[in-house]
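Me: I have a model open and want to learn how to read it. Can we go feature by feature?

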Amino acid sequence: MECVEEKFKGLSLARRSRPDEATYLLHVALQPSDLLAVSCSNFTIQLHNKHTLARVGERRGHTARMCGVTFAHSSPDLLYSGSADGTVRGWDVRRPGTEAVQMFKSDPSHLYCSFDLSCSDMLLCAGTEKVGEDSYLVFWDARKPGSGLLGSYSESHSDDITHVRFHPRDKDRLASGSTDGLVNVFDLSQGAEEEALVATCNGVSSTGSLCWSGASYTQLLCLSLDEGLHLWDLSQLDTEKPLAVFSTGDARSLTLLEDGGGVDYLVGGAWLEETQTLLVLGGKDSGELHLMECDTGGLRLLRSLKGGHASTVRCFLWDAAEEALVTGGEDAQLLLWKPGGVELAAGKRESMKSQSDFRLKSRAHKKYSYQKEKKTKS
């Protein structure tokens with residue numbers, strides 16, 4: 001097995017995409033054969049060649065902030081996107097134009113702030129903002145657009161459901177995180193919400209992102225909106241052992257960098273199968289990136305990347321086939337980092353923040369002392 005340090009040692013900037021419009025790049029998804037899909041703060045989806053970063057298409061239709069993009073697993077030309085306009089849309093990336101080929105909706109009051117597609121491509125799930133006293137997880141059969149909801153859960157969270165993530169191998173396993181500080185894990189094969197909820201983990205503060213990890217994907221990484229990090233081992237649910245593998249309330253306080261400082265924020269996590277490593281990406285407000293490993297010993301710096309972004313990075317992915325890192329940020333840049341990469345057109349891009357972009361900043365969230373009667377471990 002290749003050492004993870006060796007894998008990242010040679011990473012350098014290889015390509016840079018510079019869109020003309022000032023917009024944040026919020027989420028990025030990979031179609032393994034050829035494409036990258038990027039959701040933007042101007043409600044568009046930009047399609048790029050994954051090798052050159054050349055823009056090859058655009059999809060328009062959403063009318064409010066977007067909450068993610070993902071390609072179908074068995075039909076990689078089908079791209080899904082979710083939005084606070086109350087729709088999840090399916091796009092055929094082979095077709096020119098901007099019309100979605102599929103549309104999924106629930107109640108008109110539902111504004112989505114997260115969504116995901118199961119590994120079997122059979123089930124779509126979206127998490128809503130708080131509606132009155134409730135927040136909803138809503139489900140559709142992805143094979144039957146226009147057929148209405150399969151069902152919904154409304155008792156497990158008490159505030160905006162900011163992230164949902166299906167298990168990479170188990171089509172019935174779903175994790176959800178919320179601004180109520182709770183991360184819930186469901187077995188959807190059990191049907192009703194009370195029976196389906198198998199565990200609740202206390203993330204203390206608002207969930208920013210979730211990532212399944214570990215050799216059998218039994219671990220769950222939670223990054224909070226105030227830069228906390230929690231790694232839980234769900235294989236310990238039926239034991240007396242604690243779930244926590246590692247936890248910190250504020251990763252910014254950790255001495256992680258070579259200069260003795262720390263990161264300003266966390267971007268997200270990704271499990272690397274080829275090295276059996278949980279990669280966590282952090283950054284500095286100046287645009288510097290720091291690749292870290294997370295395990296029982298905490299966070300450990302693997303590699304720092306400089307000279308790329310000019311401001312905060314919002315999204316990333318690891319392309320295992322190309323051994324390449326893709327990053328996107330608030331400077332409107334999409335960057336490709338590869339071993340031995342040499343940028344064809346050098347020069348750091350200045351930040352392209354517009355006045356309208358400032359509405360995307362994280363708003364203050366209320367915290368709840370909400371407790372479940374199910375298995376609750378911290």
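Me: Leaving aside its neighbours within four places in sequence, which residues is Asp 295 in contact with?
Reply: Keep in mind that this is a predicted model. Contact here means heavy atoms within 4.5 Å. By that test, Asp 295 touches Val 245 and Phe 246, once neighbours within four places in sequence are set aside. Val 245 sits 50 residues from Asp 295 along the chain, yet their C-alpha atoms are separated by 7.1 Å.

Me: Now a sheet. In what order do the strands of the open sheet run?
Reply: Read a sheet by who pairs with whom. Here 4 strands run β18-β19-β20-β21, with antiparallel pairing. Neighbouring strands are turned by 15° against each other on average, direction ignored.

Me: How many bridges join β18 and β19?
Reply: The two pair over 6 bridges, in the antiparallel sense; β19 covers residues 219–224.

Me: Last, pockets. Which residues lie nearest the centre of the second largest pocket?
Reply: Look at volume, then lining. This pocket holds about 230 Å³ of space. Its lining has 17 residues, with Pro 19, Asp 20, Glu 21, Gln 46 and Arg 55 nearest the centre. Strands β3 (35–40), β4 (45–49) and β5 (55–59) each give two or more residues to the lining. The lining divides into 6 nonpolar, 6 polar and 5 charged residues.

Definitions and conventions. Residues are numbered from 1 along each chain as its sequence is written. This is a predicted model: local features need pLDDT of at least 70, side-chain atom pairs count only at pLDDT 80 or more; totals for chains, interfaces and linings use all residues. Side-chain values use heavy atoms; hydrogens and water are left out. Two strands pair if DSSP finds at least two bridges between them. Axes are lines fitted to C-alpha atoms, for helices over the stretch in contact, and angles run from 0 to 180 degrees between N-to-C directions. On a 1 Å grid over the protein atoms alone, a cavity is a set of points where a 1.4 Å probe fits but cannot get out, and a pocket is an open set with protein on both sides within 12 Å along at least five of seven lines; lining residues have an atom within 4 Å of a point. Grid points are joined across faces, edges and corners, and a volume is the space filled by probe spheres set on the points. Ala, Val, Leu, Ile, Met, Phe, Trp, Tyr, Cys and Pro count as nonpolar, Asp, Glu, Lys and Arg as charged, and the others, Gly among them, as polar.
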